[in-house]
Amino acid sequence: MVKGLPQKTLLGQDYKVPLSSKVFSSWDFCIRVQEAATIKKHEIRNEFKVELEEGRHFQLMQQQTRAQRVCHLLSYLRVNVLIGLLVVGAISAIFWATKYSQDNKEESLFLLLQYLPPGVIALVNFLGPLLFTFLVQLENYPPNTEVNLTLIWCVVLKLASLGMFFFSLGQTILCIGRDKTSCESYGYNACDYQCWENSVGEELYKLSIFNFLLTAAFAFLVSLPRR
């Protein structure tokens with residue numbers, strides 16, 4: 001383990017713990033329960049898998065020619081552009097769902113249409129991470145890069161969907177970026193309609209309900225049978 005330490009006074013960010021330290025010092029001797037020991041074994045095994053895969057990928061990258069590296073960069077760019085287009089399509093769907101719901105307030109099916117925006121948001125935030133994980137795995141990234149890239153795009157999707165939802169509500173309720181007369185049909189003119197906070201609160205309440213229902217459905221219909 002000592003030989004694995006680099007000969008420098010300070011360890012930089014590029015320093016990696018050698019495999020020997022994981023071999024000889026990973027086990028927790030305070031463990032007394034069989035279930036905890038099994039979990040610890042799985043954890044150590046996964047750490048070895050990640051370290052060996054990272055090392056294998058690093059060696060392959062070192063052996064590649066310049067043309068092969070350029071092709072890999074282009075393939076990485078292709079996946080990220082595709083995921084970016086999916087994010088743009090998702091937030092566009094949220095915008096048009098909110099606009100359609102507000103434009104058809106007088107329809108007989110408005111009771112169902114008013115739940116259309118939170119339903120689209122919940123569906124986007126449920127299907128988006130699954131698609132991101134599938135697309136990222138196609139490009140044979142290193143394990144750490146794969147996890148980090150998926151998490152970054154999931155956070156971008158969730159924040160962008162929520163921001164677009166608030167923007168579309170602001171266009172309707174507060175006439176942001178629109179003529180005041182074009183909002184009179186909604187009954188939400190900010191000058192006359194002083195309780196616009198209630199409408200925003202109602203939309204957030206619907207979104208919370210849909211998010212709860214989707215989380216419960218995923219837990220009982222997906223996670224529980226898989227476990």
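Helices (H or I, at least four residues) and strands (E, at least two) are taken here as DSSP runs, numbered from the N terminus. On this basis the chain contains seven helices and zero strands, and its order along the sequence is α-α-α-α-α-α-α. The structure is a predicted model, in which local features need pLDDT of at least 70 and side-chain atom pairs count only at pLDDT 80 or more, whereas totals for chains, interfaces and linings use all residues. Residues are numbered from 1 along each chain as its sequence is written, and side-chain values use heavy atoms, with hydrogens and water left out.

Burial was assigned from relative accessible area (buried, under 20%; exposed, over 50%; partly exposed, in between; 1.4 Å probe, protein chains only). Of the 227 residues in the chain, 30% are buried. The chain exposes about 15,800 Å², of which 65% is supplied by carbon and sulfur atoms. Contacts were defined by heavy atoms within 4.5 Å. Among contacts in the chain with a separation of 6 or more, 61% are accounted for by residues 24 or more positions apart.

Two of the helices were compared with their expected span, defined as 1.5 Å times one less than the number of residues. Helix H2 (residues 34-63) comprises 30 residues and reaches 44 Å from its first C-alpha to its last, close to the 44 Å expected at 1.5 Å a residue. Helix H5 (residues 116-138), with 23 residues, reaches 33 Å between its first and last C-alpha, close to the expected 33 Å. After H5 comes Asn140, which has a positive phi, near 60°.

The buried residues of H2 are Ala37, Lys40, Ile44, Glu54 and His57. Two of these, Lys40 and Ile44, are in contact with Ser26, as are Ser21 and Glu47, when neighbours of Ser26 within four places in sequence are left aside. Ser26 itself is located in the loop between helix H1 (19-25) and H2. Ser26 is classed as buried because its relative accessibility is 15%.

With residues up to four places away in sequence not counted, Glu51 touches Leu19 and Lys22. The C-alpha atoms of Glu51 and Leu19 are 7.7 Å apart, although the two residues are 32 residues apart in sequence. Glu51 is assigned to the partly exposed class because its relative accessibility is 27%.

Three salt bridges are present in the structure, a salt bridge being a side-chain nitrogen of Lys or Arg within 4 Å of a carboxyl oxygen of Asp or Glu. One of them joins the side chains of Glu43 and Lys40, with an N to O distance of 3.8 Å. Because Glu43 and Lys40 are three residues apart in helix H2, about one helical turn separates them. Lys40 is buried because its relative accessible area is 17%, whereas Glu43, at 38% relative accessibility, counts as partly exposed.

Helix H2 also holds the pair Glu53 and Arg56, three residues apart, about one turn of the helix. The side chains of Glu53 and Arg56 form a salt bridge at 2.5 Å, N to O. Both partners count as partly exposed: Glu53 has a relative accessibility of 24%, and Arg56 has one of 37%.

Another salt bridge links Glu203 with Lys206, whose closest N and O atoms are 3.6 Å apart. These residues, Glu203 and Lys206, lie in helix H7 (residues 196-226), again three residues apart, about one turn of the helix. Glu203 is buried, its relative accessible area being 8%. Lys206 is likewise buried, with a relative accessible area of 8%.

Surface patches were built from residues with over 30% relative accessible area and no salt bridge, like charges being joined within 9 Å and nonpolar side chains (Val, Leu, Ile, Met, Phe, Trp, Tyr) within 5 Å. A nonpolar patch is formed on the surface by Val70, Leu74, Leu77, Val81 and Leu85, which together have about 470 Å² of accessible area. Val70 lies in helix H3 (residues 66-103). Val70 is placed in the partly exposed class because its relative accessibility is 42%.

Key. Areas by Shrake-Rupley, 256 points an atom, 1.4 Å probe, with all protein chains shown as cover.
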